[in-house]
Amino acid sequence: MLPRIDAILNGAPLANTPPCDAVQCDFSVFWPASQLAQQRQFNTLYSPHAFSLFREHVLFAGEPRLDWYYPPPSLLPLLPLGHLSVGVAFLVWTVLLILLAVVMLRTARVSWMVICCSLVSPAALWCIEVGQWDIFCGAALIAGFLLLSQRPFASGILLSLLIFKPQPAIVTPVALFAQRHWRVMIGGLVGATVICLATTMLLGGDVWRQWLLFGLADARQNLIRGHPIGLEESASLFWALRKAGASLSEAFLAQNLCAVFALAAVWHAWSRPYFEKLDRIAIVVIASTLVCPYFFVVDLVALGIVLTLVMEHKRWQIGSFDALLWLWPMLSPAIFIWTGWLLSPFVMLLGLLYFWSINVLKFRTLSVSMNA
């Protein structure tokens with residue numbers, strides 16, 4: 001990041017940068033998307049070939065292909081960035097997301113120690129480096145869960161912000177239904193509705209049509225063929241099985257079975273009173289990685305935050321498995337590069353079983369001692 005920042009501040013020409021050999025990595029998709037959204041050229045935005053040509057035009061030739069298939073609300077926060085140069089926009093975007101994450105976590109009364117440790121977790125650093133959403137989304141998810149009981153409507157508003165990038169919150173409704181958090185769900189519905197209405201008012205209705213007709217189809221094609229710049233960042237069971245030689249039908253079947261198991265674990269954890277609050281949140285965050293077939297280690301920022309909260313709750317007595325999960329976004333790409341194995345979904349499955357089993361075993365031990 002330091003060479004990048006130095007080049008931006010000194011007005012150096014554009015250059016492809018590590019780790020993804022693109023201009024500011026994932027932000028090389030966000031910045032062109034903001035320009036096309038300003039011009040309402042949604043047919044170009046959601047057309048992979050046309051979007052690729054536009055990226056090369058506004059950046060330079062040779063950019064690795066990265067498509068835009070985010071839902072229309074994702075364009076809303078990006079709109080102002082198109083007025084800035086790509087380097088300055090990248091810095092503004094990164095700083096704002098970090099500040100908003102800090103504000104949300106402090107609103108939920110998360111300690112400064114946890115916030116600082118979370119911001120230097122491997123997932124958070126990876127997110128900062130590639131210019132992704134996940135520091136913002138992870139903080140919104142964890143802050144929303146921490147405020148469930150004290151400020152339910154505000155909790156729902158925070159959770160509704162995950163509409164910008166839904167993967168980390170894909171199983172959240174199951175948890176909310178399991179505990180009958182109706183006010184939280186109303187707040188989430190209000191927040192999501194306001195965001196969608198604002199998107200339609202500012203961008204028009206055609207953006208939704210283009211996304212439904214072409215964006216979703218392109219996302220499916222990207223899922224089937226694998227991520228265009230490599231799988232080392234993946235945390236997807238579907239891609240892990242495809243890399244191991246499974247057919248499409250076999251990979252989809254295993255993904256669906258795993259999703260059912262993860263959803264059942266979330267329902268069980270959130271419908272039983274003896275589960276610890278932080279363990280419940282950890283189960284939701286991990287289950288999202290197992291349910292969603294399009295998932296990356298950069299999407300694990302929320303896991304880094306909740307693991308740090310768990311370690312604080314245990315008075316910083318850090319277990320080896322806690323450390324493994326916290327460091328996993330750094331270890332997973334390295335292991336894939338060395339071995340060709342995508343182990344993330346299996347480690348996440350172990351994490352789910354870990355947080356689920358310690359609460360069940362604690363409850364059974366307590367029940368036996370009380371009966372005795």
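Biologist: Where is the place of Asp134?

Modeller: First the ground rules: this is a predicted model, where local features need pLDDT of at least 70, side-chain atom pairs count only at pLDDT 80 or more, and totals for chains, interfaces and linings use all residues. Residues are numbered from 1 along each chain as its sequence is written, and side-chain values use heavy atoms, with hydrogens and water left out. Helices here are DSSP runs of H or I with at least four residues, numbered from the N terminus. On that count, the place of Asp134 is in helix 8.

Biologist: Is Asp134 buried or exposed?

Modeller: The cut-offs are under 20% relative accessible area for buried, over 50% for exposed, and partly exposed in between, with a 1.4 Å probe and protein chains only. Asp134 comes out at 2% relative accessibility, so Asp134 is buried.

Biologist: Which side chain does the side chain of Asp299 make a polar contact with?

Modeller: Asp299 sits in the loop between helix 15 (277-291) and helix 16 (301-313), and its 3% relative accessibility makes it buried. A polar contact is a pair of N or O atoms within 3.5 Å; within protein, one must be able to donate a hydrogen and the other to accept it, and residues adjacent in sequence count only if both atoms are side-chain atoms. Asp134 has such a contact with Lys165, side chain to side chain, at 2.9 Å. For Asp299, at 2.6 Å, the partner is also the side chain of Lys165.

Biologist: Which residues does Asp299 touch, not counting residues up to four places away in sequence?

Modeller: Contact means heavy atoms within 4.5 Å. Seen from Asp299, the residues are Asp134, Lys165 and Pro168.

Biologist: How many residues apart are Phe27 and Trp93?

Modeller: Rings of Phe, Tyr and Trp (its six-membered ring) pair if their centres lie within 6.5 Å, and planes under 30 degrees apart count as stacked, over 60 as edge-to-face and the rest as tilted. The structure holds 23 such aromatic pairs. One of them is Phe27 with Trp93, tilted at 6.4 Å centre to centre and 40 degrees between the planes. Phe27 is in helix 2 (residues 27-39) and Trp93 in helix 5 (residues 86-107), which puts them 66 residues apart.

Biologist: Why is the pair of Trp239 and Phe296 tilted?

Modeller: Trp239 lies in helix 13 (residues 237-243) and Phe296 in the loop between helix 15 and helix 16, so the pair ties together parts 57 residues apart in sequence. The ring centres are 5.5 Å apart, and the pair is tilted because the planes are at 50 degrees.

Biologist: What angle do helix 5 and helix 8 pack at?

Modeller: Axes are lines fitted to C-alpha atoms, for helices over the stretch in contact, and angles run from 0 to 180 degrees between N-to-C directions. Under 35 degrees counts as roughly parallel, over 145 as roughly antiparallel, 65 to 115 as roughly perpendicular and the rest as oblique. Helix 5 and helix 8 are therefore roughly parallel. Their axes are 8 Å apart, and the angle is about 10 degrees.

Biologist: What is the relative accessible area of Arg315?

Modeller: Arg315 has a positive phi of about 55 degrees although it is not a glycine. The place of Arg315 is in the loop between helix 16 and helix 17 (320-339). Arg315 is exposed, because its relative accessible area is 70%.

Terms used
Helix = DSSP H or I, 4+ residues; strand = E, 2+ residues; numbered from the N terminus.
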